[in-house]
Amino acid sequence: MPAFSSHYALEDIVELSQRDDLGEDTPVLRATSDARTAGYDAVCVPLTNEKWKARWTELCILDPEESPDKLVIEQRAEAWRSKPAFFRDEVTISRLEEAENLIPLISDWLELDTSDDWVRHDAEIALQQELAFASYLNAQCAILPPPSNRTQVGSYARAINACLASIPYMELSVRIPIYDPATVLPGPSRSPSPVESAPPSSATGGTPPESNMTTWEMWDTIRTICGYNPRLTLALDLTPPLPLSSSVLDQWLAEPVRHIWLPASAFIANAKGYPVLTKGSQSFIRDIVKLQPNIILSGTRAKKHTRGGEPAYAQYVRHLEKTSPAVKAAQTAGTVENFALGYQDYLQAPLQPLMDNLQSITYQTFEQDPVKYRNYEEAIFFALSEWPTPGKVTLCVAGAGRGPLVARALKAIERSKREAFVYAVEKNPNAYVTLQERHREEWGDAKVKLLFGDMRTLEVPEKVDILISELLGSFGDNELSPECLDGASRFLKPDGISIPSSYTAYIAPLSSSKLYNETRATKDPKSLETPYVVMLHAINILSDNGGGISGTCGPQIQECWDFEHPRKDAALTEQGLPLTNSHNTRSAKLTFHIPNAGVLHGFAGYFEAVLYGHVGLSIHPDRMAQISKDMLSWFPLFIPLKDPLYLPADSELTVSLWRLTDVRKVWYEWYAEAFLPVPSSSVHSPIWRDTLSPMSPSAEHGSFLSPVVSTPTFVSSPLLDVPQLTLELPPQHSDKTREGVSLVKISQTALHNPGGQSSWIGL
């Protein structure tokens, strides 16, 4: 749950100091006490007062030439610069107990980004002084004044970086307006409006850009110069009216938003006079509360609204929190959001099922997923019901674990009223003990026969009709399901079927400062080239479903490759095994449209599997609710980048991904390039126009490694046969539209994980 803090301005502190009932309390202690009584968790108070501002201004701003005491002022200024210190009457707090449950506000008049070098230098000294005093009082976090000069934001960031180095342990939160109102032009609304909007002017050629993202770009510059320091966070200021575009707002969901500054002036009065937020603000608050920020309410004692008083503001925001879809899902038992509480954005290494024997607790975690096993049972039931020949049907569960699929297969057999027998194959000697117990207590020899060994080399007593396995990873094939089923397919009769029958991998470019910091926290360079299983939370998908200016971009989430079982074109040995593993290599080259400026930190990986017919499993964000809602067994895959890649608005990102193998292992390699559409007449260097360019697609869309077409523009799921669930992109731009536009390459990443040097899955 988010915390709530009450902002006390200097005028409020002065007013409290004049009360007769303070007793031994200081004004700040009384403010804290009043706030706690009103239901707040903390107070937010300026660290210094006007006397400090007046002294600093006298020393550092006023022109000494106009003062008769020029030499004296210069000497005093130099003395202060050499040993910065406060006088007691210049600060609002001085006791340790005052600093408890208090967030200090650093002086907002410090010009850390002014063009005047001397003023900027003295402002940095004052900043260091204020932070040192806050640290002395054991403040855990301080809120810094916002940058105001785009041309000197680098100087601002350098000063903050110096403070992070000199003030240990304290978190510094930069106050940033959510956007610059001067840069935002009319755009589509976040929510439906009862008033029909005017059509775009023909003079402008359509709807103008929504925003140049100035405030986000300033933040990106600051955190980049500060090296993504985990102690640098955001205090997002909602003082300006929120922009109408959700894409501008979504950018902040991937940032370390620790505080939300929400003034009373951002509220409007409803029909009864109570304070409420606009539709756009409501939507944003409902989205951002999933990050559990501290909501700082300011100006709530000024009686700007006729009804409700001060408590009404916090009550209203708490109501928005309760109605947030993310919060409701997290509080609902049985949802993946509830199951994943505490694991959001937590990096987990994928399983090594062939190299390692899983622990019983791991099996137990996966067995808690009712959706997966329900869908498996349905798939087996339909396969048995539609089996074309009478008589006994033989099934084999390859990789039986502790037996959940065996139990579901027996239920499906009972429901179908077919005569059937099940072989259960397992290589884990420890899990095999559990299987033996369940075989003795539940199943018996008449229904099930256990077989101990590796499915790739084990011999079964007879060929089977249906092969059942649950070997899928978060990316479909990343736990070696293709390699395992190459061996297990020997068990199948020529007309036998596999459950699953196919699975497909998908990726999307994402931004997440949290995940980037998590991958580099170990200081091991290999961690930056290792795919992780992650419950994605504080992220922003950078791509959209537009075709881009070039018209060659695919959908927001794109298909990489797929695998089908059993393979029909396999070259096999006498034992029925493939000669090499080269048939399981794959590659994809995909192009994404990036509508708004952002920073690429990696890629989200998903999968979708067809079990049988229209029964399947999916963690594809657009389709999982229809195919396997609230399935718990798989979180997405996060494929990181070693270094963030800045992508300007309307750029195009080309991603190359390979699945490679040798005799010992399977691994992934990945690489990305960014292109910017520009008028051809403005380009005076050779344009990237060979067959690798997204502007010049090859006649052979696929590669020799994979028959999958790169950058699909039409995406549908075999599991969804309802027309409205099919995702179809707008028509591509015609050649006439693209005439005079070229793509210029602006940046690229390194090739990640070449040769599997950092991460691989052992065969």
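Author: Helices here are DSSP runs of H or I with at least four residues, and strands are runs of E with at least two; both are numbered from the N terminus. This is a predicted model: local features need pLDDT of at least 70, side-chain atom pairs count only at pLDDT 80 or more, and totals for chains, interfaces and linings use all residues. Residues are numbered from 1 along each chain as its sequence is written, and side-chain values use heavy atoms, without hydrogens and water.

Reader: Where is Tyr363 placed?

Author: In helix α14, residues 360-367.

Reader: Why is Tyr363 called buried?

Author: Buried means under 20% relative accessible area, exposed over 50%, and partly exposed in between (1.4 Å probe, protein chains only). Tyr363 has 14%, so it counts as buried.

Reader: What does Tyr363 contact, beyond its neighbours within four places in sequence?

Author: Contact means heavy atoms within 4.5 Å. Tyr363 contacts Leu358, Gly401, Arg402, Glu426, Asn428 and Ala431.

Reader: Which residues does UniProt list for "binding site"?

Author: The unreviewed entry lists Tyr363, Lys372, Tyr373, Glu426, Asp454 and Met455. UniProt positions follow the numbering used here, feature names are shortened, and annotations may be inferred rather than shown by experiment. In the model, these residues belong to the lining of the second largest pocket. A pocket, on a 1 Å grid over the protein atoms alone, is an open set of points where a 1.4 Å probe fits, with protein on both sides within 12 Å along at least five of seven lines; lining residues have an atom within 4 Å of a point.

Reader: Is Lys372 buried or exposed?

Author: Its relative accessibility is 2%, so Lys372 is buried. Lys372 sits in helix α15.

Reader: What makes Arg81 and Asp122 a salt bridge?

Author: A salt bridge needs a side-chain nitrogen of Lys or Arg within 4 Å of a carboxyl oxygen of Asp or Glu. Here N to O is 2.7 Å, so the pair qualifies. Arg81 lies in helix α4 (residues 70-82) and Asp122 in helix α6 (residues 117-136), so the bridge ties together parts 41 residues apart in sequence. Arg81 is partly exposed at 24%, whereas Asp122 is buried at 1%.

Reader: How do you know that Arg19 and Asp21 form a salt bridge?

Author: Their closest N and O atoms are 3.1 Å apart, so they meet the cut-off. Arg19 is partly exposed at 33%, and Asp21 is partly exposed at 44%. Both belong to a salt-bridge network that also includes Asp25, Arg30 and Asp34.

Reader: How many salt bridges are found in the whole structure?

Author: The search finds 35.
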